Amino acid sequence: MSSSKYSKIISSKHGYKKTRIKNNTSDSDLFNLVMPKADVVGFKSKQGGISRQAISWAKFARLNNFYIWLFLAAVGLLGSIYLVAVDLIFKYVVFSWREAFMNLTENYFLQYLSFIAWTVALATGSCFVIKKICPAAVGSGIPDLKSIFSGFWNPFVVAPMVLLWKTIGLLLSYGSGLSIGKEGPYIHISATLANTLLSIKPFKSIAQNDTQRSQLLAACCALGVAATFGSPIGGVLFSIEATGTFYLISNYWRAFFTATVGAVGIKILLSNPSNDLLESFRTHFADLNLASAQLIAFIILGVLCGLLASLFISLYTKIYNWKKHNAELFKKITPFGEVIIVAAATAILSFPLKFLRLDHATAVHTMFTATPDSDNSEVLSELAVWTDSMPFNHGIILACFLYVVVKLVLTAVSITLPIPYGIYIPLFAIGSAVGRFVGELMLVLFPNSKEIYPTGYAVVGAAALCGGATRTVSSAMIILELTNDLTYMVPVLLGVVLSCGIGNLLNHSIYDCFLKNKNLPYLPFYKAKSDSLIARDVMKRDLYYVCQNTTLSQISNLLKRVDEHSIPVVSSDNDLQLIGTISTTTLEEVIAYHERLHSYSKSPLSLSDNGIDINDNDNNDSNINNNNNNNNINNNQNSNQNNSLVSEAIEMNVLSDSDNDENNNLIPNIPINDNNIIIQNNIRNNNINNNFSDDNNNNNNNNNYNNNNYNNDNNYNNNNNNNNNNTNNDNNINNNNNSNDINESISEETTIDLVQMELQNPWVVIDSSPFQIQETMPVRKIVFMFMMLGGNILYVTNKGKLTGVVAKTELVHQNNKH
């Protein structure tokens, strides 16, 4: 029998490629045999191994957060393009088509009907998108994000489909002419876009859990404000105030980076001739003298805006509660009927007075820039829209008053509808009208003063009313960036601080009201009456845990019953000493690991350190010598058995040593001869689990080898002695027919020491320091821990023994019930 080259291989059904095993195969190589390769950022070599360059790149990327930078830049750039495109659609499509639709006839009555029909049709279409297609796209989106960022992850709020339907719904609702804005939906769109990008392969690994994902989404929320007002700094501050409870400083630079990239993209995209979307709000004021009666006027304006903001929130709450108490009536009306009624009322009230028809951006521009002594004819024509409707002296004062009253009511009603809406821009316009009203009164009271500029009061009023309603001081920064003028910086800050202070004395912010009305979980709402309420009173006593010494069947049954990401590990059922926590993913890998070991244990070829002696030559070939009296395999078996030996060979993929393979290429395979396979006689027939033993029949000093067929069901003894006992052969076959069932039973009942397994396997990680509290800790401190440290579960212990679990969701639900 002629000799041939042979390389040990592992079965192809496990998905591993052929390769040679060196005689000094390490434990890490055997680990790669039974565990899938970890995801490594980089490139793989042609043979399937991981190159050194890929590993070096992975380390560099991890240490320098390269992919986080790349992700934030992608969000900033794509978000700016997307949101600018939406703005341009509003200007050149929606509003242009509305004007064209109304100008189809010169008849005033027909124009009136056309305006009503346009408003009702688009508002109804927006309601259809929400009620029939995507309910998660309803409302502002900021309250939902605020709930997510406080630790209650909701994947439906930031699903990819929400990005599309939120945009379509916003185009219809805002384009209809309802008294709503777009800033809140823009923030929601930015977060949804970021979450969508996190599902793409290059960025999947940068957010390993919901907490990290929510932190990245919080950093991307600044893009919405930057796109609406062109204010990256104010956008970052607003995203912190409006969506966060406690903010991680590590997210600060991420938010600034995203907002900066977005602002740069917006500036480039909105260059001339289309820069009026941002440049139209620029102001140029003369020097301001606060050592006069104007200081008192600014204080009064700040207090007035605070009172109006609280009035607006109270009005919205009253309307919402009235609708809730009359649910049967509104059920008969249906949401579509409700939207039709409000849209028709808005159109009926707005059309007779031209300044009420204006979109909010145009109204703000007029309040900020239009003065009677201007030399610009276009500015004078814009001011005439307000003054011509009130044909008497100082008609702008009455026009501003009517605008504030009508828009305040319409906005409070509109934000109760099932449509996408924002509140910042309408409040911005109403606040500018309030400031212009106070400024015009000051001009009437002091007609000879040359230092009073009603447009400056409009700037202060816009910032103060928005700050009072949303409780965000960042409104001051947004208005300063929007106007690109620091002349009124001190009055703006003064007005915002006073407005926020007055509002906090009277009620909650508008976003907190949204949270409560939608019953969204939000931890800061939890109010512990006293420290007498302790962890023992609120903890959950039904525990799921895994013991240190357990079996595969117990782990499998546990995974079917739990939904948590991590499970506590205790010493035993009787002791319950808390050792730590282990993730469900790791437990699944433990099961898969032992299943693979079990499948390899049924292979006749053993995996020992010195079982195969292979010497590499210059051509990376291997010669296996026959060293013991030319022991060989008897070829008297039939051809089917020989074919089974080759087809059921097991494939293995391990990396070659760097000394023999400088290019990190895997050692090439050696073809197998079906008829002649020469093996050293020192091969030991012991597999990994010692499930097989040597069957030594040495009548002619020959070795017997067990060969596995395709189903690993039958083992046959191949001896050089041709006169085998038929009875022994039959018994051997019968004994192995049930080998699969026996091995599976043994595998399921195998005892696993998780702590010992952690020491031996780097991929088994037990968190030995989970968040744990004593039974006597006050609930007030527990709430504070959740808000400051994050997490969803606290383990309650008594002298180190696990007694219960406090879940954040259960804590909030109990508070809502009370």
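Colleague: In which helix is the place of F95?
Modeller: This is a predicted model, and the helices in it are numbered from the N terminus. Residues 66-102 make up helix 3, and the place of F95 is in helix 3.

Colleague: Does F95 count as buried or exposed?
Modeller: The cut-off for a buried residue is under 20% relative accessible area. Because F95 has a relative accessibility of 16%, F95 counts as buried.

Colleague: Which helices are included in what covers the buried residues of helix 8?
Modeller: Helix 8 runs over residues 210-220, and its buried residues are R213, S214, L216, L217, A218, A219 and C220. The cover over these buried residues includes helix 3, helix 5, helix 7, helix 9, helix 10 and helix 11.

Colleague: How far apart are the end C-alpha atoms of helix 19?
Modeller: Helix 19 holds 22 residues, 424-445, and at 1.5 Å a residue these should span 32 Å.

Colleague: How many residues of helix 19 are buried?
Modeller: Across the protein, 49% of the 818 residues count as buried. Helix 19 is largely enclosed by the rest of the structure, because the buried residues among its 22 number 17.

Note on methods:
Residues are numbered from 1 along each chain as its sequence is written. This is a predicted model: local features need pLDDT of at least 70, side-chain atom pairs count only at pLDDT 80 or more; totals for chains, interfaces and linings use all residues. Side-chain values use heavy atoms; hydrogens and water are left out. Buried means under 20% relative accessible area, exposed over 50%, partly exposed in between (1.4 Å probe, protein chains only). Helices (H or I, at least four residues) and strands (E, at least two) are DSSP runs, numbered from the N terminus. The expected span of a helix is 1.5 Å times one less than its number of residues. Contact means heavy atoms within 4.5 Å.
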